[in-house]
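Subject: Handover of a structure

Hello,

Here is the structure I said I would pass on. My notes on what was found in it follow below.

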Amino acid sequence: MRIDILTLFPQAFQALVSFGIFQRSIDRKLISIDIHNIRDYTHDKHHTVDDYAYGGGAGMVLKPEPIFEAAESIKSDIPLEEGDGGLAIILLTPQGRLFSQQVALELSRYSHLILICGHYEGVDERVREHLITDEISIGDYVLSGGELAAMVVVDAVVRLLPGVLGSEASALDDSHTTGLLEYPQYTRPEVYRGWTVPEVLLSGDHARIARWRREQVIMRTLERRPELLDRASLSLEEKQLVSRLKQP
Ligand code: 6GU
């Protein structure tokens, strides 16, 4: 997968690309991540990226030209055979659709993502109307810019790509991939400050362990995120467990 990020703050992405899984994935050519400074696509002496809003109001708006030119310059150097069906051009904005594991999975199927980080009061509407194919928000709160959101999206998507994680199983078991939260994990020591590991995990009885974990998954989800259970596909036994746990 090829990932291009358009931003006014390229330095913000140093942390992302120096992170272990990204560096490894880049070295192994599973992904390429290129960061582009929107300012480099301006033509005036002052490298102007924003301007006052037509109609007035507080705050500046990102100008369309540098964003279009940056995206078009990236598009023009993609090999033809990849085609356009493999490309998503995504604007990170609090007005976008809510990001989730489901959306991450959807994006992981593209061969090329262009992520555009919004800033200031907003982005000229013509960028939305004529350039981007998707708008994503990472949650109902306001960030100063789309950079952190872009990193969240890249992290969640890249770890789903084949070969990126050491063990393919680990992504499948993750919280939210199953639609439910993960069971509690323990490692050595068996007793820490007097706090013990649940006996069942030391029993060596794999069927019992599997049952305990499944119960924990359901109890945890019911306690913390009950709305997730309504959407999950549960076995009859699991549904019975939910009803039992729901009893006062
Ligand atoms: Cl994608 N951008 C900004 N600026 N704020 C956000 C966001 C994005 N997602 C949640 N809050």
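Asp124 sits in the loop that links β7 with α5 (125-130). The model is a predicted one, and in it the relative accessibility of Asp124 is 15%, so this residue counts as buried. Its side chain makes a polar contact of 2.8 Å with the side chain of Arg126.

β7 itself belongs to an open sheet of three strands, ordered β3-β4-β7, with mixed pairing. The edges are taken by β3 (50-52) and β7 (122-123); each has a single partner strand, so one side of each is left without a neighbour in the sheet. Between β3 and strand β4 (residues 60-62) there are three bridges, and the two pair in the antiparallel sense. Within this pairing, Tyr52 is placed opposite Met60 in β4.

There is also an open sheet of five strands, in the order β2-β1-β6-β5-β8, and its pairing is parallel. Here β2 (32-37) and β8 (134-137) are the edge strands; each pairs with a single partner strand, so one side of each has no neighbour in the sheet. On average, neighbouring strands of this sheet are turned by 30° against each other, direction ignored. Strand β1 (residues 2-7) and strand β6 (residues 112-117) run parallel and are joined by five bridges. Leu6 faces Ile116 in β6 across that pairing.

Next, the ligand. Which residues surround the ligand? They are Leu92, Thr93, Pro94, Ile136, Ser137, Ile138, Gly139, Tyr141, Leu143, Gly145 and Ala149.

- Ser137: a polar side-chain atom lies 3.4 Å from a nitrogen atom of the ligand.
- Tyr141: a polar backbone atom is 2.5 Å from a nitrogen atom of the ligand.
- Leu143: a backbone N or O atom lies 3.0 Å from a nitrogen atom of the ligand.

On its own the ligand has 290 Å² of accessible area, and the protein covers 96% of that.

On aromatic rings, the structure holds two aromatic pairs. In one of them, the ring centres of Phe19 and Phe22 are 6.1 Å apart and the planes are at 35°.

Ile26 is a residue of helix α2 (residues 20-27). Is Ile26 buried or partly exposed? Its relative accessible area is 28%, so Ile26 is partly exposed. Ile26 and Val164 are 138 residues apart in sequence, and their C-alpha atoms are 9.7 Å apart in space.

Last, the backbone geometry. In general, most residues other than glycine have a negative phi, and most peptide bonds are trans. The following entries depart from that background.

- His47 is not a glycine, yet its phi is positive, at about 55°. His47 is located in the loop between β2 and β3, and with a relative accessible area of 38% it is partly exposed.
- Arg193 also has a positive phi, near 50°, in a residue other than glycine. Arg193 is placed in the loop between β9 and β10 (195-196). At 63% relative accessibility, Arg193 counts as exposed.
- The peptide bond from Arg188 to Pro189 is cis, and its omega is near 5°. Pro189 belongs to the loop between α7 (168-173) and β9 (191-192).

Regards

How values were computed. Residues numbered from 1 in each chain as written. Predicted model: local features only at pLDDT ≥ 70, side-chain atom pairs only at ≥ 80, totals over all residues. Heavy atoms only, no water. Phe/Tyr/Trp six-rings, centres within 6.5 Å; stacked < 30°, edge-to-face > 60°. Pairing = 2+ DSSP bridges. Helix = DSSP H or I, 4+ residues; strand = E, 2+ residues; numbered from the N terminus. Near = heavy atom within 4 Å. Polar contact = N/O pair within 3.5 Å; in protein donor to acceptor, adjacent residues only side chain to side chain. Areas by Shrake-Rupley, 256 points an atom, 1.4 Å probe, with all protein chains shown as cover. Axes fitted to C-alpha atoms, helices over the stretch in contact; angles between N-to-C directions. Buried < 20%, exposed > 50% of the residue type's maximum accessible area, 1.4 Å probe, protein only.
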